[in-house]
Amino acid sequence: MLSRLAENLYWHGRYLERAEDLARLINVNAHLNLDLPSGLSAGWEPLVRITGNAARFKAEEREAGERQVVRFLLSDEANSGSLKATLENARENLRSARDLLPREVWEQMNGLYIKGNEQLTGNLSKRRRHEFLRELILDCQQIAGTLLGCMSQDHAYDFILIGRYLERADMTTRILEVRGYDLLPDDIENLSPYESIQWMSVLKSLTGYQMYRRHVRLRVNGSDVLRFLLRNDQFPRSVMFCLRALEALIEGLPGEDDQALRAITRLQRTLNETKLVGLRGEPLGKLMDKLQIELADTHEAVRQTWFPSL
Amino acid sequence: MDFSDYTVGELHDELIGKGGRPRAAARALWKYLKSLDADELSERRSACEVAAMVAGITFRVYFEDTGVDRAMPFDLIPRVIALREWQQIEAGLKQRVRALNLFIDDLYNDQRVIKDGVFPAELLTGSANFREQCRGFSPPLGIWAHICGSDLVRDAEGTMYVLEDNLRIPSGVSYMLENRQVMKRVFPELFEDSGIQPVDDYASQLYDTLASLSPRPADYPSVVVLTPGMYNSAYFEHAYLAQQMGVQLVEGRDLVVDENDEVYMRTISGLEPVNVIYRRIDDDFLDPEAFRADSLLGVPGLMRAWRSGKVALANAPGAGVADDKVVYSWVPDIIRYYLGEEPLIKNVPTYRCEDPDQRAWVIERLDELVVKPANESGGYGMLIGPRSTKRERKEFAKLIEADPRNYIAQPTLALSTCPTIVPGGVGPRHIDLRPFVLSGQDTYVTNGGLTRVALKAGSLVVNSSQGGGSKDTWIVDTDR
């Protein structure tokens, strides 16, 4: 398989996962804000930070209201990581490699891109926005499903999955970082009902609430959610699940160089060796930072091993 | 379908003879088309559109919003040629390509053709497609143009002429293949027991031709198609041919030439050797070390690898020296010189503007002639005399005087027509034909080729970039 095509498929996997995660984030944040009393509202600014856009967003001196933030995340020309741009990237990376995939996948991707281009202009009303994002998540799942059901599980498929799991693990750490870090002001007494709501929103943004309840019978609390989203090896959006999947995928790829595998092992060690009980605030932020850096190292190792700069 | 209003006039029509009766090879088709009523016809037309969509869907969806290219309109009435006539044309094409390859090989080596006074040396110095980088080298089998697409036209008398040769990277064969697929889907009954010669083995023939060029004939050759990338207007064809041959479609950045002049492609398992490259990138962009240094599409070192015999390039760099429109006018002499034979297919009479007498003659008759620049393709930069304004002719006279070597002139041919679906029925439209000739260990000519049709009434320009469409081409055996 040509390295260039492997790289394109890897990025397609990443971008499509990113689009889905962005849609999840926006919808869940909207719900969360409806559930919280106005004084405790999470606002929209955290989404700017989760997506790593704080500097760019601030540079334009915008107000971090719902309209501005959502517009920025969905379709702003100044944001190269907007949902619109992400869909375009997912499609562009699929183009040259499309002959390796079932034809339906290209058609679905193209349809999704066209739909996004039509809808993501100007201001979507809140109701239409919610519906659009819900559909988008399902569309992304449909593509994943078509690949799973119709594509030979060859290296082309492996690279899509590697992109997908790296992106997903990264996004889970970002959500935990921002949500766990500053949504919980220490000086307000008797937070628990709202704390619970906030952690529930974290779970819901990852469609993890139901699964969590089945694994953890206790009421939703920070430590358990952290453990579930970081270390559970059955829930497909937990970091550990992604790492296990990556490990198996990478082991199956050709080559003598094992730097990518070593990077994954390091990540697993980091996850397993950190005490999660009571972890919040700055220490939690530091752990997430560390995971993100190690995920970036993994990306670099994958790149150098299978698609060194063309 | 109603042919009662179909008038052939003074022109040669490919399906209908002077008396309004069908030609022998087209009789079955004509009877069938006449039997279709308006409803059936429109049903077939929409079936045709659907089939074309399905066959070409990759193409359409792919380019749907980028405006890089469009699907070529397809007309469902095929163009028919009798097998017996086609065999003559086939022999003529083989003769022509053989002579052209000998000519190219000679130009880059001994230049006997110049020393013997057959071909003027000045023409070579003025040739935009002569590559100094190819001097003193002869590729395997002495073949330079492995894939040739020559355009054929027929005049009012019914004589077939070669209008031009395309020896660099002729395109359009994928349309020939797809058109046949669509026709077979929409008119299956026409193909039963009809004597229509198949075209479908082109991809295997192309693969065999390419494989026969491998510098390591003992091994299973590693063949690739080299594309400038997906924004190229012919990308669909590049991808299609690679897929049909079962070989990798690569871009320049996928290939690397090492210090031993070996060519490799970069894969996830490391570097894998490449033996034969069907390149669809122009000479200029092929290798920044040898040609344009700013090319990002090419592969640094590819010319080294080619010259040291480590890799075969099809077509060979520099092959375009012989498809220059001025060289074209010498082709009959070239055939006589190398093969000692008379050309089997004629050239269109051509006036060379670098000759002062001919130039004066041409400039006097610009309103009757077609003037073409030597190195343009796709119908660009042409003057069609009878359709031109006085001002255009004046400007063209100046262009010719400024660079006479760059221009030739030909009489305006009354191109043959073929019945074509037009708004409100069926009408005659001008067509040409591009057969493809493959030269390797063996020589192969497609059964027919790509028929292009000028969809505007009276228009003589069939190029897809100028609003032309295409038709299926049937070579029909009437002697069975």
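**Strands, helices and contacts**

Analyst: In chain B, B:T417 stands opposite B:H430, a residue of β17(B). Strands (E, at least two residues) and helices (H or I, at least four residues) are DSSP runs, numbered from the N terminus.

User: Before we go on, what kind of model is this?
Analyst: This is a predicted model, in which local features need pLDDT of at least 70, side-chain atom pairs count only at pLDDT 80 or more, and totals for chains, interfaces and linings use all residues. Residues are numbered from 1 along each chain as its sequence is written, while chains are lettered from A and ligands numbered from 1 in the order in which they are written.

User: Back to β17(B): in which sense does strand β16 of chain B pair with it?
Analyst: The pairing of β16 (residues 417–422) with β17(B) is antiparallel and runs over six bridges. Two strands pair if DSSP finds at least two bridges between them.

User: How many residues lie between the strands of that hairpin?
Analyst: The hairpin of β16(B) and β17(B) has two residues between the strands, and B:G424 takes a positive phi near 85° there.

User: Which other strand pairs with β17(B) over four bridges?
Analyst: That is strand β20 (residues 450–454) of chain B, again in the antiparallel sense. B:R434 stands opposite B:L450 of β20(B).

User: Which residues does B:G149 touch?
Analyst: Leaving out residues up to four places away in sequence, B:G149 touches B:N166, B:P170, B:G172, B:R434 and B:F436. Two residues are in contact if their C-beta atoms, placed from the backbone, lie within 7 Å. B:G149 lies in strand β2 (residues 147–154) of chain B and counts as buried because it has 23 C-beta neighbours inside 10 Å.

User: And where is B:I277?
Analyst: B:I277 belongs to strand β9 (residues 276–279) of chain B. With 27 C-beta neighbours inside 10 Å, B:I277 also counts as buried. B:I277 and B:L226 are 51 residues apart in sequence, yet 6.5 Å apart in space, C-alpha to C-alpha. Besides B:L226, B:I277 touches B:V224, B:V311 and B:L313, not counting residues up to four places away in sequence.

User: Now the sheet with β6, β7 and β8 of chain B: in what order do the strands come?
Analyst: The three strands form an open, antiparallel sheet in the order β6-β7-β8. Its edge strands, β6 (255–257) and β8 (270–273), each pair on one side only. From one strand to the next, the twist averages 40°. Strand β7 (residues 263–267) pairs with β8(B) over four bridges, and B:R266 stands opposite B:L271 in β8(B).

User: What about the helices α3 and α13 of chain B: at what angle do they pack?
Analyst: Helix α3 (residues 83–108) and helix α13 (residues 331–339) pack at about 80°, with their axes 9 Å apart. Axes are lines fitted to C-alpha atoms, for helices over the stretch in contact, and angles run from 0 to 180 degrees between N-to-C directions. The angle makes α3(B) roughly perpendicular to α13(B). Angles of 65 to 115 degrees count as roughly perpendicular, under 35 as roughly parallel, over 145 as roughly antiparallel and the rest as oblique.

User: Which residues make the contact?
Analyst: Among them are B:L100 and B:F103 of α3(B) and B:I334 and B:Y338 of α13(B). By class, the contact has nine nonpolar, one polar and two charged residues. Ala, Val, Leu, Ile, Met, Phe, Trp, Tyr, Cys and Pro count as nonpolar, Asp, Glu, Lys and Arg as charged, and the others, Gly among them, as polar.

User: Finally, how many residues of chain A are in contact with chain B?
Analyst: In chain A, 16 residues are in contact with 14 residues of chain B. The largest share of the chain A side, three residues, comes from α1(A).

Notes
Buried ≥ 20, exposed ≤ 12 C-beta atoms within 10 Å, placed from the backbone.
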